[in-house]
Amino acid sequence: MRNRFPAPVDSMGCHVLPENVKQSQSIASQNLQVLISLLLSSQTKDQHTFAAVQALRDHFHPDEITAARIVSLDDKLLDTLIHGVGFHAKKTVYMKKIAQMLLPGNPLDEKIPTDLDTIVKQFPGIGPKMGILYLQNAQPYPGQLENDMSLQHDFGLAVDTHVLRLSQQFGLVFPPSSRSGSKEVTPEIARVQIEDIVPKEHWKDANPLLVGFGQTICGARSKMCGHCIIADTGLCKSVDRRMLTAPATSKKRKSEPETSSKYFASVTKEDSGMENNGDPAEVKLEPSSRDEALVKIEPESKAEQPVVDIEELVSDRRLRKRRVKS
């Protein structure tokens, strides 16, 4: 199902960003960009995170993105470069603090730690989900023991808004007992339960698999149950049986290029309510919002092709079709 509907996470997710870094750039710069992209991804669509990281690269080009260059950057300019992400003002502060800790001569000595607890405790704005994703996608530093990064799937299973929602929807996780005083399934509660079910070798792949599924086929507000092979099996408690037949169609839209201003439109949010009291800003910055994605389907012919704009179809909850030229 995922192969049929490419999702933004497949080409613009934090786990694929290092592939766009030139081989000539240092491991330190690559890992720093992974951590920065994860920080920026909170409450932000993948395409806007990708655009913000690209803006940073373009600004420093042909030089590498380093901690020292980020620290030397004017706060207003840095905020302008990442303006398209949610809570950009707060993330500007966090990015500067993280870069300061990674300056040469400081205790970390330009190297991001390789254990989850240290990453979460030391870096503001980085929570367990982001820390796990970093460790799963970072590269070993020169001279670092290969064993430190060889079992990348052992770091954990990253739970964001899509994984949390779908795991409950499919009956994989359950609320804690009533004696605990809370009936809410938090990301950490879900992570423990899912890790007991899913083998370790699949932990790394589980996040992008479910995130892409939530971005395309099974959105939070609109679902394409007619394209889901488990919709009529009894495994999903949120199936919309009205959609099990051939997907209905609605109005047609004029095609838009993927690089259009609408596709990379800035997303701004109020910075109020964001606090940094010394604790990891997990509550305010997570789960990462990768939903509401615009997905482009490559046409095979001049026939009409389905184009998924799933989270915008709130009013009629229908699959739109349009004519796409080859």
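**Close-up views of a predicted model**

**Figure 1. Helix α2 is largely enclosed by the rest of the structure, because 13 of its 15 residues are buried.** The model shown here and in the other figures is predicted. At 1.5 Å a residue, the 15 residues of α2 should span 21 Å, and the end C-alpha atoms of α2 are 21 Å apart, which agrees. Just after α2, Q43 takes a positive phi of about 55 degrees. Q43 is a residue other than glycine, and its place is in the loop between α2 and α3.

**Figure 2. Helix α3 and what its buried residues pack against.** Helix α3 covers residues 46-60, which is 15 residues. From the first C-alpha of α3 to the last is 22 Å, close to the 21 Å expected at 1.5 Å a residue. Which residues of α3 are buried? They are D46, Q47, H48, T49, F50, A52, V53, L56, R57 and F60. These buried residues pack against α1 (8-12), α2 (27-41), α4 (67-72), α5 (75-81), α6 (88-101) and α12.

Figure 3. The bond in question runs from H61 to P62 and is cis, with omega near 5 degrees. P62 is found in the loop that joins α3 and α4.

**Figure 4. E110, a residue with positive phi that is not a glycine.** The phi of E110 is about 70 degrees. E110 lies in the loop between α6 and α7, the latter being residues 116-122.

**Figure 5. The buried side of helix α11.** Helix α11 consists of residues 187-197, and A190, R191, I194 and E195 are buried in it. What covers the buried residues of α11? The cover includes α8 (128-137), α10 (161-169) and α12.

**Figure 6. The largest pocket and its lining.** About 390 Å³ of space lies in this pocket. Of the 15 residues that line the largest pocket, F170, L172, A206, L209 and L210 are the closest to its centre. Helix α12, residues 203-215, gives the largest share of the lining, with five residues. Sorted by class, the lining of the largest pocket has twelve nonpolar residues, one polar residue and two charged residues.

**Figure 7. The second largest cavity.** Rolling a probe the size of a water molecule over the atoms shows where empty space is left. The count comes to three cavities of 30 Å³ or more. The second largest cavity holds about 60 Å³ of space. Which residues line the second largest cavity? The lining is made of Q169, F170, F213, I217, C218, K223, M224, C225, C228, A231 and C236. By class, this lining divides into nine nonpolar residues, one polar residue and one charged residue. F170 is listed for the second largest cavity, and F170 is also among the residues closest to the centre of the largest pocket.

**Figure 8. Two residues of the loop between α12 and α13, M243 and I229.** M243 has 8% relative accessibility and so counts as buried, since buried means under 20%. M243 and C225 are 18 residues apart along the chain, and their C-alpha atoms are separated by 5.4 Å. C225 is one of the residues that line the second largest cavity. I229 has 63% relative accessibility and so counts as exposed, since exposed means over 50%. How many residues apart in sequence are I229 and M1? They are 228 residues apart in sequence, and 7.7 Å apart in space, C-alpha to C-alpha.

**Figure 9. The chain as a whole, for placing the close-up views.** The secondary structure of the chain comes to 13 helices and two strands. The chain has 326 residues, and buried residues make up 49% of them. Consider the contacts between residues at least 6 apart in sequence: 67% of these join residues at least 24 apart.

Notes
Residues are numbered from 1 along each chain as its sequence is written. This is a predicted model: local features need pLDDT of at least 70, side-chain atom pairs count only at pLDDT 80 or more; totals for chains, interfaces and linings use all residues. Side-chain values use heavy atoms; hydrogens and water are left out. On a 1 Å grid over the protein atoms alone, a cavity is a set of points where a 1.4 Å probe fits but cannot get out, and a pocket is an open set with protein on both sides within 12 Å along at least five of seven lines; lining residues have an atom within 4 Å of a point. Grid points are joined across faces, edges and corners, and a volume is the space filled by probe spheres set on the points. Helices (H or I, at least four residues) and strands (E, at least two) are DSSP runs, numbered from the N terminus. Ala, Val, Leu, Ile, Met, Phe, Trp, Tyr, Cys and Pro count as nonpolar, Asp, Glu, Lys and Arg as charged, and the others, Gly among them, as polar. Buried means under 20% relative accessible area, exposed over 50%, partly exposed in between (1.4 Å probe, protein chains only). The expected span of a helix is 1.5 Å times one less than its number of residues. Contact means heavy atoms within 4.5 Å.
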